[in-house]
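Work through the exercises below with the model open beside you, and try each task before reading its solution.

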Amino acid sequence: MEFSLTTLGSASAKPMVDRYSSVHVLNARGRLFLIDCCEGAQFQLVRYKISPMKIDRILISHLHGDHVFGIFGLLSTMALLGRTAELHIYAPRDFSSMLNFFMGHFGEGIKYPITHHPLTFKERQVICETRTVEVSAFPLNHGIETYGFHFLEKWQEHPLAPTDRYARSAAYCCDTAPFPELEEYVRGVDILLHEATYTEEMRALANERYHSTAAQAADLARRAGVGKLIAAHFSSRYKDPDVLLQEARAIFPESYLACEGEKFNVPYRRLNEEND
Ligand SMILES: [Zn+2]
Ligand SMILES: [Zn+2]
């Protein structure tokens with residue numbers, strides 16, 4: 001049973017020919033969560049053969065364009081595809097006026113229900129529970145209201161299933177500058193997708209813009225004891241983001257680069273394998 005995170009966009013805000021801005025898909029045993037929705041996100045879904053009809057929940061971290069510009073095209077496409085199932089959008093409060101504007105001009109053909117769940121938290125809080133996963137949101141440090149997300153697989157009681165299964169987890173932190181509480185929010189997750197917009201050389205600029213360097217992301221991953229760090233949201237100044245990977249790996253060897261179409265799977269494990 002799959003538990004995976006697929007990146008469809010690895011860049012920050014500036015348009016590039018071979019990279020998209022932020023959009024990712026978490027698959028929790030067949031339930032798909034779309035995390036952020038940059039311009040062109042729906043084209044990436046088509047390219048990587050991920051059906052928009054399988055997405056019931058969209059999580060928007062914050063209302064910078066590189067994380068949200070693509071959602072309106074996607075909402076229209078879902079209607080074209082004949083969607084009837086309710087769609088849940090978890091996004092900061094101000095998203096409701098954007099959604100109302102869009103629905104006022106383009107909403108006539110949209111027959112399926114769309115529910116906006118406003119995110120307004122000062123601490124980590126559960127925002128939704130499905131049969132397979134519990135999702136929480138927590139505030140990040142990005143100058144405007146921004147949330148990170150934490151996914152924890154739920155253990156289903158089943159007469160034929162083993163009872164000592166290890167619950168898999170992932171966290172998403174994009175965009176953010178470092179801050180002390182973040183370590184606890186992401187402690188021990190199997191996969192941490194974290195922004196690494198700049199290298200250390202640009203730390204002053206990262207600070208000023210409420211972003212992180214690759215070294216800062218890796219330092220967090222090390223302190224929080226995560227399984228794998230996936231660095232993402234690269235500045236367009238890095239034609240080859242390998243320099244970000246090298247910087248992160250020097251601090252946290254289990255660092256990887258987000259890359260369009262690349263999937264990170266968390267393997268199924270038993271609890272007693274933890275000590276092997
Ligand atoms: Zn961004
Ligand atoms: Zn941002």
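**Exercise 1.** Does Asp66 count as buried or exposed?

*Solution.* The model is a predicted one, and the answer rests on a cut-off, since buried means under 20% relative accessible area. Asp66 has 12% relative accessibility and therefore counts as buried. The same test applies to His67, which counts as buried because its relative accessibility is 0%.

**Exercise 2.** Determine which residues coordinate the zinc ion (ligand 1), and classify the arrangement of its donors.

*Solution.* Begin with the donors, which are Asp66 (OD), His67 (NE2), Asp175 (OD) and His233 (NE2), at 2.1 to 2.2 Å from the zinc ion (ligand 1). Along the sequence, these donor residues follow the spacing D-H-x107-D-x57-H. Next, take the angles: four donors count as tetrahedral if all angles lie between 85 and 135 degrees, whereas the 4 donor atoms here subtend angles of 91 to 167°, so the arrangement is irregular. Finally, look for a neighbouring metal: the zinc ion (ligand 2) lies 3.4 Å from the zinc ion (ligand 1), and Asp175 coordinates both.

Key. Residues numbered from 1 in each chain as written. Chains lettered and ligands numbered in written order. Predicted model: local features only at pLDDT ≥ 70, side-chain atom pairs only at ≥ 80, totals over all residues. Heavy atoms only, no water. Donors = N, O, S within 2.8 Å, 3.2 Å for Na, K, Ca; no water. Tetrahedral: all angles 85-135°; square planar, octahedral: opposite > 155°, others 65-115°. Buried < 20%, exposed > 50% of the residue type's maximum accessible area, 1.4 Å probe, protein only.
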